[in-house]
Amino acid sequence: MTTVQIPDYTTDAFFGLEDKWLETAPGEVTHYHELGEGTPILFLHGSGTGVTAAANWWLNLPDISELGRCIAIDSIGYGQSIVAPGTEYGIREWVRHAVRVLDALGIEKTWIVGNSIGGWVAMQFAIDFPERLLGIVSMGTGGAKKTAALSGHAKPELSEAGIRRTLEQFVVDKSLVTEELVSLRYQAALNDTASDRLVEVVTARDRDRDALPLDFDVLAKLDVPVLLIHGMQDVVIPPSRTWELLNVIPTADAHIFSQCGHWSQVERAEEFNTVVKQYLTAQGIGAK
């Protein structure tokens, strides 16, 4: 039983997800959502202002959990996960946090579904802990060279107007960025602000973009299934990132959505879920 006090927090009913808490290290409690049974599928979110597991995956978890045990975590430095004093952030630290979650849940091997920086973490996971990995689904994989949009994210504006501008960069269809969604992201961002985490995690992310690029020599030897997904109109991380990885990873397939930006799991949620479920089913994944 954890000695760390669990926050008096409930994920907004908008997202329709139940809160779970798990001690993953001394002084560290991971906030997560879990649906389904069977083969583990770990969901790793992106790094936008006010991001949480719920705000990334609420349209996907109920559907994809028909196939397996879906576990969506707030990575350390984000959302409601509690970090121990002195916690450091970075790509390898986020990988190690994911491993601690698996260890605490008694999971030996998992699939990873990662969005943006979550996809980058998934790839680094494959490099550092290949024995723990069953396969990867990665959308708009992070770690690419800075675009103008990424440069803007390095100094996020902590206001509802700033969050709206950020989210509108994620999609082609701006009507998806509703007042309610912006407000919910803003409330989550206030948690980041209160603990000064946002600056720390953004600094670590941008540091590792140069200091720890993915080792393509190792990825070229990857032998697990990989599905790369990208929106053709993604201005945050261009589709060229997927082509780059597709040319390196021998087991990789790709799916490109037309008229879609960086947020394919939201902007094309129904089709996204179908693509992912068909891919996982083809790999023999099923809850029964």
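Student: How are residues numbered, and what pLDDT do local features need?

Tutor: Residues are numbered from 1 along each chain as its sequence is written. In this predicted model, side-chain atom pairs count only at pLDDT 80 or more, totals for chains, interfaces and linings use all residues, and local features need pLDDT of at least 70.

Student: At what angle do helix α3 and helix α4 pack?

Tutor: Helices here are DSSP runs (H or I, at least four residues), and strands are E runs of at least two, numbered from the N terminus. Helix α3 covers residues 91-105 and helix α4 residues 117-128, with axes 9 Å apart and an angle of about 75°. That makes α3 and α4 roughly perpendicular, a term for angles of 65 to 115 degrees on a scale from 0 to 180 between N-to-C directions.

Student: Which aromatic residue pairs with Tyr-78?

Tutor: Rings of Phe, Tyr and Trp (its six-membered ring) pair if their centres lie within 6.5 Å; planes under 30 degrees apart count as stacked, over 60 as edge-to-face and the rest as tilted. The tilted pair of Tyr-78 has 6.1 Å centre to centre and 40° between the planes. Tyr-78 lies in the loop between β4 and α3 and its partner in helix α3, so the pair ties together parts 16 residues apart in sequence. The partner is Trp-94.

Student: Is Trp-94 buried or exposed?

Tutor: Buried means under 20% relative accessible area, exposed over 50%, and partly exposed in between (1.4 Å probe, protein chains only). Trp-94 has 3% relative accessibility, so Trp-94 counts as buried.

Student: Why is the pair of Phe-170 and Trp-263 called edge-to-face?

Tutor: The two ring centres of Phe-170 and Trp-263 are 5.6 Å apart. Phe-170 lies in helix α6 and Trp-263 in the loop between β8 and α11, so the pair links parts 93 residues apart in sequence. The pair is edge-to-face because the planes are at 65°.

Student: How many residues of strand β7 are buried?

Tutor: On one side of β7, Val-226, Leu-228 and His-230 are buried, and on the other Leu-227, Ile-229 and Gly-231 are buried too. Strand β7 is therefore largely enclosed by the rest of the structure. The count is six of the six residues.

Student: How many bridges join β7 to β8?

Tutor: Two strands pair if DSSP finds at least two bridges between them. Val-226 stands opposite Ala-252 in β8. The strands β7 and β8 run parallel, and the number of bridges is six.

Terms used
Side-chain values use heavy atoms; hydrogens and water are left out. Angles under 35 degrees count as roughly parallel, over 145 as roughly antiparallel, 65 to 115 as roughly perpendicular and the rest as oblique.
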